[in-house]
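The sequence and structure come first.

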Amino acid sequence: MSPELIESTLSVNDACFREVVAAGEPFMKEIKKGQVFRILDLEGNQAVDTLFYSARDTQERYDANNTIREQGNIYLTTGTILRSNESNPMLTIIADTCGRHDTLGGACSAESNTVRYALEKRHMHSCRDSFLMALSEWDKGMGKRDLSSNINFFMNVPVTPEGGLTFEDGISEAGRYVEMRAQMDVIVLISNCPQLNNPCNAYNPTPVEVLVWES
Ligand SMILES: [Zn+2]
């Protein structure tokens with residue numbers, strides 16, 4: 001069953017914040033309660049590894065388990081409530097022109113690049129390193145222990161009837177986006193995935209744009 005694609009009612013000209021996140025780069029920003037946050041896949045087929053923290057207490061953060069259980073589905077799309085480890089609603093997805101976002105695939109790292117691909121891939125740029133670099137620049141004492149199971153926006157990881165995970169070619173295209181309204185003050189942490197070894201970025205990482213609207 002393919003999900004229903006829901007377009008936004010917001011105009012890009014009304015956005016109060018716009019920034020292009022280059023291929024392979026991280027991004028971190030606070031989004032206030034009521035604000036609308038959009039991630040736009042500029043060139044298509046780009047995985048955007050994302051974590052959310054409560055701005056008030058960063059020990060409260062996005063939790064895949066609570067999100068999946070409460071909606072009874074492993075994929076994210078319009079209507080999904082992104083829940084915290086305390087099961088509080090953090091953001092609600094209100095528009096989605098891609099239709100499927102992954103909750104299970106996790107982030108690439110030097111270690112996974114070595115195990116999955118080859119020893120000489122160890123020193124390639126990875127999402128885990130991008131997350132750690134952004135947390136270090138944020139300079140609030142966050143680090144490794146703040147990295148939990150992340151969302152992969154625009155990434156296609158279908159689960160087989162036997163429960164197997166498969167990393168498939170993306171279903172996103174240039175101009176597709178996902179948009180969510182913050183239900184608490186949140187900090188968003190993104191790694192615009194630099195992975196070159198699997199089809200999550202079509203073997204070619206590309207930029208995305210992040211936009212914010214006032215409530
Ligand atoms: Zn990655």
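## Salt bridges

Lys32 and Glu30 are joined through their side chains in a salt bridge, at 3.0 Å from N to O, where a salt bridge is a side-chain nitrogen of Lys or Arg within 4 Å of a carboxyl oxygen of Asp or Glu. The model is a predicted one, in which local features need pLDDT of at least 70 and side-chain atom pairs count only at pLDDT 80 or more, whereas totals for chains, interfaces and linings use all residues. Residues are numbered from 1 along each chain as its sequence is written, and side-chain values use heavy atoms, with hydrogens and water left out. Lys32 counts as partly exposed because its relative accessibility is 40%, and Glu30 does so at 30%; here buried means under 20% relative accessible area, exposed means over 50%, and partly exposed lies in between, with a 1.4 Å probe and protein chains only.

The structure holds six salt bridges, among them one between Arg38 and Glu179, whose closest N and O atoms are 2.8 Å apart. Arg38 belongs to strand 3 and Glu179 to strand 8, so this pair ties together parts that are 141 residues apart in sequence; strands (E, at least two residues) are DSSP runs, numbered from the N terminus. Both Arg38 and Glu179 are buried. A further salt bridge links Glu70 with Arg69, the closest N and O atoms being 3.2 Å apart, and here Glu70 is partly exposed at 45% relative accessibility, as is Arg69 at 48%.

## Positive phi in two loops

Asn45 has a positive phi of about 60° although it is not a glycine, and it lies in the loop between strand 3 (36–41) and strand 4 (48–54). Asn45 counts as buried because its relative accessibility is 13%.

Ser87, also a residue other than glycine, has a positive phi near 65° and is found in the loop between strand 5 (81–83) and strand 6 (89–96). With a relative accessible area of 23%, Ser87 is partly exposed.

## A nonpolar surface patch

Leu104, Val159 and Leu165 form a nonpolar patch on the surface, and together they have about 210 Å² of accessible area, as computed by the Shrake-Rupley method with a 1.4 Å probe and, for residues, only the protein chains shown as cover. Patches are made of residues with over 30% relative accessible area and no salt bridge, like charges being joined within 9 Å and nonpolar side chains (Val, Leu, Ile, Met, Phe, Trp, Tyr) within 5 Å. Leu165 lies in the loop between strand 7 (151–153) and strand 8 (176–182), and it counts as partly exposed at 44% relative accessibility.

## Pocket and cavity

The largest pocket has a volume of about 220 Å³. It is lined by 12 residues, of which Pro3, Asn73, Tyr75, Thr77 and Gly99 are the closest to its centre. On a 1 Å grid over the protein atoms alone, a pocket is an open set of points with protein on both sides within 12 Å along at least five of seven lines, a cavity is a set where a 1.4 Å probe fits but cannot get out, and lining residues have an atom within 4 Å of a point.

A search of the whole structure finds one cavity of 30 Å³ or more. The largest cavity holds about 70 Å³ of space, and of its 13 lining residues the closest to its centre are Gly106, Cys108, Met155, Phe167 and Asn198.

Technical notes: Helices (H or I, at least four residues) and strands (E, at least two) are DSSP runs, numbered from the N terminus. Grid points are joined across faces, edges and corners, and a volume is the space filled by probe spheres set on the points.
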